[in-house]
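Dear colleague,

I am passing on the structure we talked about, with notes to read alongside it. Please look through the model first and then turn to the text below.

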Amino acid sequence: MHKAVDVSVDAMIEDLRTLVEIESPSRDLDALMASAKAVVAVIERRLGGQAVLMESEAGPHVHWSAGGDPKVLILGHHDTVFPLGTLERRPFMVQDGHATGPGVFDMLGGLVQAVHGLATLDDRSGVEILVTADEEVGSRSSRALIEERALACGAALVLEGAADGGALKTGRKGCGTFQVSIAGRASHAGLEPEAGVNALIEASHQVLDIAALGRPDIGTTVTPTVASAGTLDNVVPAAAIVIVDVRVESAGEKERIESAFAALAPHLDEAEIAVQGAVGRPPMPESASAELFAVAKQLLPELQGKAVGGGSDGNFTAALGVPTLDGLGAVGGGAHADHEYLVIEAMAERANLVAGLVDAIQNTYQST
């Protein structure tokens, strides 16, 4: 079994500062190019070889291979949810045992830990790293590449932040977004309201119908999150939009929810409904992580595993039947929030955990 070795926390913090201080909001192609080049520089400096920029309409993905037969994919992303200018308001800081700044927990800290963990291995053959540019906005441009490399490697380690208390993420819900667009007809709200078709009233009916689709008892949540309607206070609204967040634990529920949205019907005469969206990330069942989690427990017996509601690119790899373990990145919290933080004390242990898992996959896991 892999023996933990000393990893320089100071060097990890140096690399983390470098990545955090190059802001990388999703969809900002110039910012993402700068971020991708910084990721390339960190990987090449710590691991050698050549990391390749893979252009896409969503920004550049980064791919590095140690060579040899592919055995394990280290998976992460360099885009963040924070707009340009966040760093000025919330700069990278190290204080009271925490590192803070936009993206430290989700998920730049995990990338840094993985690279430094891999650097401790004498043999990195069969290891690939894929760092994508669009995970926070659905992974549309990277999904095919993720699936291709995961199938080629046969195991995926996902460096998203840990669950509460440092637990690994052993299962994830499938998730998706739906947009329900309602077309009515405008009229004067005072002179002839009856001549209109009130899209806001229709939207209200739809929100209740949609919310009733949830089955929280089996892990299905259907949550209307954004709505807009109307133009002026004396005009019957001619249009409305409702956006809905959906989370499911099973493929059967994915199919049920998608069918239910397709079957939505108007309540008002002459109102029209159009639906876009799907459960784009399939569920990651806990069975997908069972073998790799057992290996992780051998390395760190106190580790806990937890199924979570959020989605990641591990949903895609698990759905292909590729053994996948998630939440291997930073220990901390506050993803997508101003109080986002990383626990510095856990960085070396997590770097060694990645190294130990890679070593196990190289030497035993693949042959079992």
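What follows covers the basis of the model, a sheet and its helix, the salt bridges, a serine in a loop, and a helix.

This is a predicted model, in which local features need pLDDT of at least 70 and side-chain atom pairs count only at pLDDT 80 or more, while totals for chains, interfaces and linings use all residues. Residues are numbered from 1 along each chain as its sequence is written, and side-chain values use heavy atoms, with hydrogens and water left out.

I begin with the sheet. Helices (H or I, at least four residues) and strands (E, at least two) are DSSP runs numbered from the N terminus, and two strands pair if DSSP finds at least two bridges between them. Four strands make up an open sheet, in the order S4-S5-S16-S15, with antiparallel pairing. Its edges are strand S4 (93–95) and strand S15 (332–333), each of which pairs on one side only. Strand S5 (residues 98–100) and strand S16 (residues 341–343) run antiparallel and are joined by three bridges, and histidine 98 is found opposite valine 343 in S16. Across S5, S15 and S16 lies helix H4 (residues 104–119), which runs at about 40 degrees to S16; here the axes are lines fitted to C-alpha atoms, for helices over the stretch in contact (heavy atoms within 4.5 Å), and angles run from 0 to 180 degrees between N-to-C directions.

Next come the salt bridges. Side chains of opposite charge can pair when their charged atoms come close. Counting a side-chain nitrogen of Lys or Arg within 4 Å of a carboxyl oxygen of Asp or Glu as a salt bridge, the structure holds 17 of them. In one of these, arginine 149 pairs with glutamate 128, with the closest N and O atoms 2.7 Å apart. Because arginine 149 belongs to helix H5 (residues 143–153) and glutamate 128 to strand S6 (residues 127–132), this pair ties together parts that are 21 residues apart in sequence. Taking buried as under 20% relative accessible area, exposed as over 50% and partly exposed as in between (1.4 Å probe, protein chains only), arginine 149 is buried at 16% and glutamate 128 is buried at 3%. Arginine 149 also forms a salt bridge with glutamate 148, at 3.2 Å between the closest N and O atoms, and glutamate 148 is partly exposed at 45%.

Another salt bridge joins aspartate 313 and arginine 281 at 2.8 Å, N to O. Aspartate 313 is buried, at 2%, and arginine 281 is buried as well, at 8%. Asp15, Arg45 and Arg46 are linked in a salt-bridge network.

Serine 187 sits in the loop between strand S9 (174–183) and helix H6 (199–211), and is buried at 9% relative accessible area. Its side chain reaches the backbone nitrogen of glycine 196 at 3.1 Å. Leaving aside residues up to four places away in sequence, serine 187 touches several residues, including Glu192, Pro193, Asn234 and Val236.

Finally, Asp15 is one of the buried residues of helix H1, and others among them are Met12, Leu16 and Leu19.

Technical notes: A polar contact is a pair of N or O atoms within 3.5 Å; within protein, one must be able to donate a hydrogen and the other to accept it, and residues adjacent in sequence count only if both atoms are side-chain atoms.
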